[in-house]
Amino acid sequence: MKIQTVNPKYIEQAQILHRDNYVADAHLDLAGEILLRHGNGETDIIRRYYLDNFRAAGLNLVMSTIYVDDAVLPEAGLKNALLQISALLKDLEGVENDVILVKTAEELDIAYKLNKIAIILYIEGLDFIGLDLSLLDVFYELGVRGASLTWSRRNLLAGGCCRARDNYPISGGLSEHGFAALEKLTALSCFIDVSHLNDDGFTDIMKAADKPIIATHSNARTIHPSYRNLTDEQIRSLCRRGGIIGINALSLIAGSYEDENHLDMLCRHAMHIANLVGSKHLCYGFDLCDSYARAELKECSAYSYQLNEKLDCFRDHSEMPLLTAALLECGLPENEVIGIIGRNIREFLREFLR
């Protein structure tokens, strides 16, 4: 079934599911965008740019990355990461009745009962810690509950895959320090994210890790042959260990940027993974980037696109129910869709939010 538009009855059903069930986005560069906008003289970022859309989507959880751009590495990387957390905490003061940073499973449940949107922090690329793994203790105390060893670049711990616009293999797995970082993160009960990791690094982590692994924002390479996506064997390997995969709604990763057949491609990725390993291993990890790029007021160094080029499959989070509706129209049972929109990632996180 090719999905370009969705039958209104499924949209209505999806809106009800988003209203009555747990809803989450496992990947948003929120902290970094807030810091950028604060630097541009703006304030109250979550309220002005996100809160209404979060509420329209029925969101209960947003997993915010700490992503450090190439431009501030290596010298200012650590400072930038800390400033992102500081900026997020400052911005949360203006929406304390609606949005809250959570660090434990208990706080996650309390936020849900109080109808507050929970924010969980995790690091997208550990470049800025260098070889000083003791810094992970500091970030844990500040609320970080997960990390990827690298973004799409090599650092002292591991090698990243190529960037979204490129498509070529990069060899080289985890370094000795990378394995040590993996042990440290596990000891802290932080989840490990393998999105942006290259294939050799993925294999190393699967051999070394003893807890479930997440790919917060990766799709299926069988559907769109980007090295940012996972092969079928990688998907099986991750899910045999109880892992979970977040469907990425960046058009370069979905493969929908030419014909703008966004819903169709996102459904193809989701259905392929569901048929391969079961829908219980799926969640949403949309990686919406356009607002971040506009905040930079320049060419986005992460994806190298101009501000007038739109790469997100959705205008904003308020359109999340469209994908839910499309999955229902594709024939996924309602209970499985409920898992994908939030329940699956919530259950996965309980392993780590001690």
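What percentage of the 354 residues of the protein chain count as buried? The figure is 61%, where buried means under 20% relative accessible area, exposed means over 50%, and partly exposed lies in between (1.4 Å probe, protein chains only). Here are some notes to read beside the structure.

1. **Before you start.** This is a predicted model, in which local features need pLDDT of at least 70 and side-chain atom pairs count only at pLDDT 80 or more, while totals for chains, interfaces and linings use all residues. Residues are numbered from 1 along each chain as its sequence is written, and side-chain values use heavy atoms, with hydrogens and water left out.

2. **The overall build.** You will find 14 helices and nine strands in the protein chain; helices (H or I, at least four residues) and strands (E, at least two) are DSSP runs, numbered from the N terminus. The radius of gyration is 19 Å, close to the 20 Å that the globule rule gives for 354 residues, so the chain is as compact as a globular protein of that length. That radius is taken over C-alpha atoms, and the rule is 2.2 Å times the number of residues to the power 0.38. Along the principal axes, the C-alpha atoms fill a box of roughly 55 × 45 × 40 Å.

3. **Contacts across the sequence.** A contact means heavy atoms within 4.5 Å. Of the contacts in the protein chain with a separation of 6 or more, 74% join residues 24 or more positions apart.

4. **The surface and the charges.** The protein chain exposes about 13,700 Å², with carbon and sulfur atoms supplying 48% of it; accessible areas come from the Shrake-Rupley method with a 1.4 Å probe, and for residues only the protein chains shown count as cover. There are 35 positive and 50 negative charges, and their mean positions are 3 Å apart. Lys and Arg count as positive and Asp and Glu as negative, without His and the chain ends. Each charge is placed at NZ of Lys, CZ of Arg, CG of Asp or CD of Glu.

5. **A covered strand, β2.** Look at β2 (61–66): six of its six residues are buried. On one side these are Leu-61, Met-63 and Thr-65, and on the other Val-62, Ser-64 and Ile-66, which leaves both faces covered. Two strands pair if DSSP finds at least two bridges between them. Strand β1 (residues 24–28) runs parallel to β2 with three bridges, and Ala-24 stands opposite Leu-61. Strand β4 (residues 117–124) is also parallel to β2, joined by six bridges, with Tyr-122 of β4 opposite Thr-65.

6. **A cis peptide bond.** The peptide bond from Leu-73 to Pro-74 is cis, with omega near 0 degrees.

7. **Two arginines to compare.** Are Arg-153 and Arg-315 buried or exposed? Arg-153 is buried, with a relative accessible area of 11%, and sits in the loop between β5 (144–148) and α7. Leaving aside residues up to four places away in sequence, Arg-153 touches several residues, including Tyr-67, Asp-69, Asp-70, Leu-73 and Asp-127. Arg-315, at 54% relative accessibility, counts as exposed and belongs to the loop between α12 (290–296) and α13 (320–329).

8. **Positive phi values.** Ser-189 has phi near 65 degrees, a positive value in a residue other than glycine. This serine is in the loop between α7 (176–187) and β6 (191–192) and is buried at 3% relative accessible area. His-196, in the loop between β6 and α8, has a positive phi near 80 degrees and is buried at 2%.

9. **A three-stranded open sheet.** The order of this sheet is β7-β8-β9, with parallel pairing. Its edge strands, β7 (214–215) and β9 (282–284), each pair on one side only. Two bridges link β7 with β8 (residues 244–247), and Ala-215 stands opposite Ile-245 in β8.

10. **Helix α9 and its cover.** The buried residues of helix α9 (residues 232–240) are Asp-232, Gln-234, Ile-235, Ser-237, Leu-238 and Cys-239. Their cover includes α8 (199–208), β7, β8 and α11 (262–277). Following α9 is Gly-242, whose phi is positive, near 85 degrees.
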